[in-house]
Amino acid sequence: MNVSAQAKKRLLTGDRPTGPLHLGHLVGTLHNRVMMQDQHDCWLIVADLHSLTTRSRREQIGELPELVHEVVLDLLSVGIDPEKSTIYLQSGVPAVYDLAILLQMLIPVNRLSGIPTIRDMARNAGLKDDEVPLGLLGYPVLQAADILMARAEVVPVGGDNEAHVAIAVELAEHFNTLYGPVFPIPEAMVSSTPTLPGVDTVDGGSQHKMSKSAGNSIRLKDSADEVARKVRSLAGPAAGATPEDLDSSPLFAFVDAFMTDKAAASALKYDYLRGKTNADSVHQAITADLEILLRPIRERRAELMADPGRIEEIVVDGTIRAREVAYQTLNQVRDAMGLESLWSGLVAATQRRAEARKRPY
Ligand code: ATP
Ligand code: MG
């Protein structure tokens, strides 16, 4: 039975439009989003401002329409239902920038500079230490503004983003303590595969999490041949490997994440440790299950591509809705902090003065 819209908890999460979505998104957050969409009021943000933290050049901004389109296409392809979700463009909701600035006042720089994801994103974008923009340091604060603006209570994210949701929790608690209870306290929801490693299509690709910006991803829209080729880039653990070596290897992380028959996966590990099977067989087993997972997604994507204008329509509708809620939240925040009464006090004083000038002598 469907929970009524009123009683539904709001869920918010999102993706940077920095490239097509990949298998890490699928197991890290997309499956959870699809699973939860009936029972939650789902808000999915296409986080183009977060893209600007590492891609702010004019030609990079010029790529955004296509990238935004691709991300939304991926979301719908995996089963996100636009009737149940508000899908919106972050930069189309300026009240969020206002909120982000106010939240920036409540967090020490040191708290942000220690977060490892900031370093990783800078590395993927080829930025040196002295090139990291203030906006990248403030990435989690902007994310907190997204979450708190929507008054979201559940935030399904990958492992790398847990630290960011922790900042949103701290900011909500700190704000409520200082100015009164305005924000619900959000909670991160992390999947059983919080961090899928990348593939070795680039040097050292499997030593880091799969990322759109790192060139180490298997994209949801990749063809069956591309998927198989990318899976084959993963080397198996060397002969004599221990069970622990196996469990920590990127190749077997794919076994754990994608082999649906858990007994077959255990047998494969057992045989691999005893030298009775090799990496080729592991690649084939992973690829076979990935094909079962990805074929319907590819097919749905092809269907959706027949009506491209629908994607933009979904984003516009969602953004209009998000703008309304954002202004409501921003007004509450300004009220709670006393900024609204500061402004309205100045306006009232000016009106009184104007009235006084009009009075006859
Ligand atoms: P970029 O390289 O541009 O940062 P990304 O691949 O890291 O892209 P994001 O848009 O930053 O993707 O992340 C969207 C969501 O997907 C976040 O909740 C993030 O935690 C999750 N996610 C991203 N990569 C992985 C992964 N490899 N495993 C599990 N979850 C992931
Ligand atoms: Mg990322």
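Visitor: Which backbone atom of R16 lies 2.8 Å from an oxygen atom of ligand 1?
Guide: A backbone N or O atom of R16 does. This is a predicted model, in which local features need pLDDT of at least 70, side-chain atom pairs count only at pLDDT 80 or more, and totals for chains, interfaces and linings use all residues. Residues are numbered from 1 along each chain as its sequence is written, chains are lettered from A and ligands numbered from 1 in the order in which they are written, and side-chain values use heavy atoms, with hydrogens and water left out.

Visitor: What about K209 and ligand 1?
Guide: An N or O atom in the side chain of K209 is 2.6 Å from an oxygen atom of ligand 1. M210 has a backbone N or O atom 2.9 Å from a nitrogen atom of ligand 1.

Visitor: How much of ligand 1 does the protein bury?
Guide: The protein buries 97% of the 600 Å² that ligand 1 exposes when taken alone; accessible areas come from the Shrake-Rupley method with a 1.4 Å probe, and for residues only the protein chains shown count as cover.

Visitor: How many residues surround ligand 1?
Guide: There are 21, and the closest are T18, D160, K209, K212 and S213; a residue counts if one of its heavy atoms lies within 4 Å of the ligand.

Visitor: Which element gives the largest share of that shell?
Guide: Helix 1 does, with four residues. Strand 1 (9-15) and helix 1 (23-36) each supply at least two. Helices (H or I, at least four residues) and strands (E, at least two) are DSSP runs, numbered from the N terminus.

Visitor: Changing topic, how many salt bridges are there?
Guide: The count is 24, a salt bridge being a side-chain nitrogen of Lys or Arg within 4 Å of a carboxyl oxygen of Asp or Glu. One of them joins the side chains of R321 and D41 (3.8 Å, N to O).

Visitor: Where are R321 and D41 in the chain?
Guide: R321 is in helix 16 (residues 309-337) and D41 in strand 2 (residues 40-46), 280 residues apart.

Definitions and conventions. A polar contact is a pair of N or O atoms within 3.5 Å; within protein, one must be able to donate a hydrogen and the other to accept it, and residues adjacent in sequence count only if both atoms are side-chain atoms.
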